[in-house]
Amino acid sequence: MSDFKEQDILGINKAFEQAHISYKKEGGIPIGACLINNLTGEVLGVGHNERVQKGSPILHGETSCLENIGRLPAKVYRNCTLYTTLSPCAMCSGTCILYDIKRIVVGENKTFLGEEELLKSRGVELIVVDDDRCKNIMTEFIEKNPELWNEDIGEE
C-alpha cells in the first residue's frame, strides 16, 4: 500500500475547512468531508453538512461531498479515500458501503461514534486521526446547539 501521509494531511485539512465554513460562515453543523483519488492524488471534491442551510434531511458532510462531485463510475470510488471530520453515521456509512469506498479517514470519534464496526466488517480500512480541531469545533457546536445536534443524529 502507498504511503498516504501527505494525502491524509491534505484530505483532513480540506474536510476541516469545510466543517469550519458550515459552522462559522453559514451557521450550520460543523462536519466536513473530502474525497481524494488514491491513484492520482486528485481532490475530487469537498462538502459539508447542509441540513440547516438547505433544509435537507440527508446532506450530511459525506453525502454533500459526494453530491458536489456528481456521478462517478464505481471503479473511481473503489480507488478513493473519504476524509470526514466526524465518525460516519449509519446513513453516511451505508453510502460508503454502497459505493465501495475502501478507505475512510476520520477526524474524530469522541463526540460521536458512528458505524465504524459496520464499516470495518465490510472491509473498509478505517483510520481515526483524533484531530483536536475536529473535536473542539464539534464540542463547541454540541454545547451551544444540543437540540439541533440531536436532530442531526436522529435523537430526541
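F141 counts as buried, at 1% relative accessibility (buried is under 20% relative accessible area, exposed over 50%, partly exposed in between, with a 1.4 Å probe and protein chains only). This is a predicted model, where local features need pLDDT of at least 70, side-chain atom pairs count only at pLDDT 80 or more, and totals for chains, interfaces and linings use all residues. Residues are numbered from 1 along each chain as its sequence is written, and side-chain values use heavy atoms, leaving out hydrogens and water.

Rings of Phe, Tyr and Trp (its six-membered ring) pair if their centres lie within 6.5 Å; planes under 30 degrees apart are stacked, over 60 edge-to-face, the rest tilted. That rule gives 3 aromatic pairs. One of them is Y23 with F141, edge-to-face at 5.5 Å centre to centre and 90° between the planes. Y23 sits in helix α1 (residues 5–25) and F141 in helix α7 (residues 132–144), so the pair ties together parts 118 residues apart in sequence. Y23 is buried too, at 12% relative accessibility.

## The Y77–Y99 pair

Y77 and Y99 make a tilted pair, 4.9 Å centre to centre with 40° between the planes. Y77 belongs to helix α4 (residues 74–78), while Y99 is in the loop between α5 (90–98) and β4 (103–108), so this contact links parts 22 residues apart in sequence. Y77 is buried at 5% relative accessibility, whereas Y99 is partly exposed at 36%.

## Arginines over rings

A charge sits over a ring if NZ of Lys or CZ of Arg is within 6 Å of the ring centre and within 35 degrees of the ring normal. R103 puts its charged end over the ring of F4, 3.8 Å from the centre. R133 lies over the face of F16, 4.7 Å from the ring centre.

Technical notes: Helices (H or I, at least four residues) and strands (E, at least two) are DSSP runs, numbered from the N terminus.
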